[in-house]
Amino acid sequence: MQHGPAVRRRKLGAELRALRTSAGLTSGEAARLVGWHQSKVSRIETGTSGVKPADVRLLLDTYGVADSQLRELLMVLAGSDDSDGRHHWWHAYRGVLPPTYRDFISLESQAGAMRTLETTVVPGLLQTPEYARAVTSAAVEGLPEGRLDTLVEVRLARQDVLRADPPLELSAVLDEAVLRREVGGPGVMARQLERLVEAARLPQVRLQVLPFAAGAHIGVTGPFVIFSFSSTSDLDVVVLDHLTSSLYLERKEDLQAYTEAFNALQIHALSPEDSLDFIAGTAAGA
């Protein structure tokens with residue numbers, strides 16, 4: 001269990017090592033081809049040191065990696081700009097967002113699918129501006145108005161992944177408490193529930209409600225997110241969010257455990273169709 005930057009270095013290094021092996025090169029041969037010492041290749045592959053995007057690009061070229069999607073993902077893990085030279089949009093908020101949050105956004109922007117259990121609040125990708133403002137204000141007391149505006153702006157900008165081409169596939173299981181907890185007042189909550197109904201009808205969104213009637217369940221230990229990447233499952237990661245930081249789990253055992261937990265939650269939750277009716281009924285005061 002590690003913080004974002006460390007887990008990203010390890011994932012990047014493991015993938016580069018696999019690509020080198022597929023290219024039929026030893027670490028010494030790869031080092032000679034790019035003009036480095038073998039120890040530098042070893043440090044990159046073990047994730048013990050950071051790596052510049054330009055170095056990653058050089059290694060990918062040396063290994064003959066032509067898959068543009070895989071190259072882009074690995075370059076993002078290395079902290080690169082977009083392939084067309086533009087900065088990722090969240091770079092503009094570098095002075096406001098903590099590194100772990102920037103790491104989360106970068107993974108979210110490149111993931112093919114996201115599975116999330118939420119036990120207290122609506123997922124950030126589905127929040128209305130008013131709801132996002134109320135949640136952020138409550139989570140971080142005493143925020144200056146300008147900083148609060150910026151954090152809400154970031155939250156809303158993240159939602160573009162659902163409108164991308166192709167869009168992020170979002171599967172969310174919401175505990176009933178998410179729907180019942182009045183955030184920001186009745187009007188804000190009413191609009192938020194309407195937004196959930198709209199989102200539940202999107203083809204890239206699978207929304208399920210885990211009602212109180214389901215009793216105790218494996219999700220009582222807390223919310224989590226699983227990011228999956230279409231290029232390679234080796235980059236999949238579980239994210240646990242805490243008050244002051246986020247933790248990233250990358251071991252296959254952890255991924256399997258959380259994947260099985262999420263599958264179990266989906267089985268115990270209402271179907272997407274019944275969940276849509278449940279949310280609409282809650283919005284209507286049922």
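Me: Asp 55 first. Is it buried or exposed?
Reply: Asp 55 is buried, with a relative accessible area of 15%. Keep in mind that this is a predicted model.

Me: Why does 15% count as buried?
Reply: Buried means under 20% relative accessible area. Asp 55 has 15% relative accessibility, so it counts as buried.

Me: Which element does Asp 55 lie in?
Reply: Asp 55 lies in helix 4.

Me: And what is Asp 55 in contact with, leaving aside neighbours within four places in sequence?
Reply: Trp 36 and Lys 40.

Me: What do the side chains of Lys 40 and Asp 55 form?
Reply: They meet in a salt bridge, at 3.2 Å from N to O. Lys 40 lies in helix 3 and Asp 55 in helix 4 (residues 53–62), so the pair ties together parts that are 15 residues apart in sequence.

Me: What is the relative accessible area of Lys 40?
Reply: It is 25%, so Lys 40 is partly exposed.

Me: How many salt bridges does a search of the whole structure find?
Reply: The search finds 10. One of the pairs is Arg 20 with Glu 45, whose side chains meet at 2.6 Å, N to O.

Me: Where do Arg 20 and Glu 45 lie?
Reply: Arg 20 is in helix 1 (residues 4–22), and Glu 45 is in helix 3 (residues 38–46). The two are 25 residues apart in sequence, so their pairing ties those parts together.

Me: Arg 20, buried or exposed?
Reply: Buried, at 10% relative accessibility. Glu 45 is buried too, with a relative accessible area of 7%.

Me: Next pair. Which residue does the side chain of Arg 158 meet in a salt bridge?
Reply: Glu 108, at 2.8 Å from N to O. This pair links distant parts of the chain. Arg 158 sits in helix 8 and Glu 108 in helix 6 (residues 99–110), 50 residues apart.

Me: What are the relative accessibilities of that pair?
Reply: Arg 158 has a relative accessible area of 7% and is buried. Glu 108 has 1% relative accessibility, so it counts as buried as well.

Me: Which residues are linked with Arg 133 in a network of salt bridges?
Reply: Glu 145 and Asp 149. Arg 133 is in helix 7, while Glu 145 and Asp 149 are in helix 8.

Me: At what angle do the axes of helix 7 and helix 8 cross?
Reply: Roughly 125°. The axes come within 9 Å. Helix 7 covers residues 129–139 and helix 8 covers residues 145–158.

Me: Is the crossing left-handed or right-handed?
Reply: Helix 7 passes helix 8 in a right-handed crossing.

Me: Which residues meet there?
Reply: From helix 7, Pro 129, Ala 132, Arg 133, Thr 136 and Ser 137. From helix 8, Glu 145, Leu 148, Asp 149, Leu 151, Val 152, Arg 155 and Leu 156. By class, the contact has 6 nonpolar, 2 polar and 4 charged residues.

Me: What does Gly 124 touch, not counting residues up to four places away in sequence?
Reply: Arg 155 and Gln 159. Gly 124 is in the loop between strand 1 (113–118) and helix 7. At 14% relative accessibility, it counts as buried.

Me: New topic. Which peptide bond is cis, the one from Asp 165 to what?
Reply: To Pro 166, with omega near 0°. Most peptide bonds are trans. Pro 166 is in the loop between helix 8 and strand 2 (169–175).

Me: Last one, Asp 175. Where does it lie?
Reply: Asp 175 lies in strand 2. At 11% relative accessibility, Asp 175 counts as buried. Leaving aside neighbours within four places in sequence, Asp 175 is in contact with Glu 118, Thr 119, Leu 210, Phe 212 and His 217.

Me: How far apart in space are Asp 175 and Arg 43?
Reply: 43 Å, C-alpha to C-alpha. In sequence, Asp 175 and Arg 43 are 132 residues apart.

Conventions: Residues numbered from 1 in each chain as written. Predicted model: local features only at pLDDT ≥ 70, side-chain atom pairs only at ≥ 80, totals over all residues. Heavy atoms only, no water. Axes fitted to C-alpha atoms, helices over the stretch in contact; angles between N-to-C directions. Helix = DSSP H or I, 4+ residues; strand = E, 2+ residues; numbered from the N terminus. Left-handed = near helix turned anticlockwise from the far one by under 90°. Contact = heavy atoms within 4.5 Å. Nonpolar A, V, L, I, M, F, W, Y, C, P; charged D, E, K, R; others polar. Salt bridge = Lys/Arg side-chain N within 4 Å of Asp/Glu carboxyl O. Buried < 20%, exposed > 50% of the residue type's maximum accessible area, 1.4 Å probe, protein only.
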